[in-house]
Amino acid sequence: MQCKRLRILIRDWFLKVREDALAPARMMEFIQRHIRQCEMCQQDPDLPQEVEKIREFIRAPEIPSQEEVPESKEEEALA
Ligand SMILES: [Zn+2]
């Protein structure tokens, strides 16, 4: 994982998942959303594998929830 921003975000989200403040599926959505917006993440060849390891670790479902996430919710998670 080359992106420092994503590392910080994942640590933050992971703490929330452990506290049951964030669903694992939602955390995966946030990760995917960051990757779509982030040039560094898109150019990181190892990132898909690392994301898959994270998914297994937090036991998120393989198919992400299709539930809509309002933009404001994401901003809260990033704060
Ligand atoms: Zn990134």
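Modeller: Start at the end of the helix. Directly after H4, Arg 59 adopts a positive phi of about 60 degrees. Most residues other than glycine have a negative phi. Keep in mind that this is a predicted model.

Now step back to the helix itself. H4 covers residues 47–58, which makes 12 residues. Its end C-alpha atoms lie 16 Å apart.

How many of the 12 residues of H4 are buried? The count is zero, so H4 is hardly covered; a residue needs 20 or more other C-beta atoms within 10 Å to be called buried.

Next, look at the partner, H2. The axes of H2 and H4 come within 10 Å. They cross at roughly 165 degrees. Angles over 145 degrees count as roughly antiparallel, and therefore H2 and H4 get that label. Their crossing is right-handed.

Which residues meet there? From H4 come Leu 47, Val 51, Arg 55 and Ile 58. From H2 come Pro 24, Met 27, Met 28, Ile 31 and Ile 35. Eight of these contact residues are nonpolar, none is polar and one is charged. Look at the numbering as you trace them. An α-helix has 3.6 residues a turn, so residues three or four places apart point the same way.

H2 does have buried residues: Arg 26, Met 27, Met 28, Phe 30 and Ile 31. Met 27, Met 28 and Ile 31 also take part in the contact with H4.

Asp 20 sits in the loop between helix H1 (4–18) and helix H2 (24–37). Asp 20 has a positive phi of about 60 degrees, yet it is not a glycine. Is Asp 20 buried or exposed? Asp 20 is exposed, because 7 other C-beta atoms lie within 10 Å, and the limit for exposed is 12 or fewer.

The chain has five helices and zero strands. From the N terminus, the elements run α-α-α-α-α. Among contacts between residues at least 6 apart in sequence, 74% join residues at least 24 apart.

Key:
Residues are numbered from 1 along each chain as its sequence is written. This is a predicted model: local features need pLDDT of at least 70, side-chain atom pairs count only at pLDDT 80 or more; totals for chains, interfaces and linings use all residues. Helices (H or I, at least four residues) and strands (E, at least two) are DSSP runs, numbered from the N terminus. The expected span of a helix is 1.5 Å times one less than its number of residues. Two residues are in contact if their C-beta atoms, placed from the backbone, lie within 7 Å. Axes are lines fitted to C-alpha atoms, for helices over the stretch in contact, and angles run from 0 to 180 degrees between N-to-C directions. Angles under 35 degrees count as roughly parallel, over 145 as roughly antiparallel, 65 to 115 as roughly perpendicular and the rest as oblique. A crossing is left-handed if the near helix is turned anticlockwise from the far one by less than a right angle, and right-handed if clockwise. Ala, Val, Leu, Ile, Met, Phe, Trp, Tyr, Cys and Pro count as nonpolar, Asp, Glu, Lys and Arg as charged, and the others, Gly among them, as polar.
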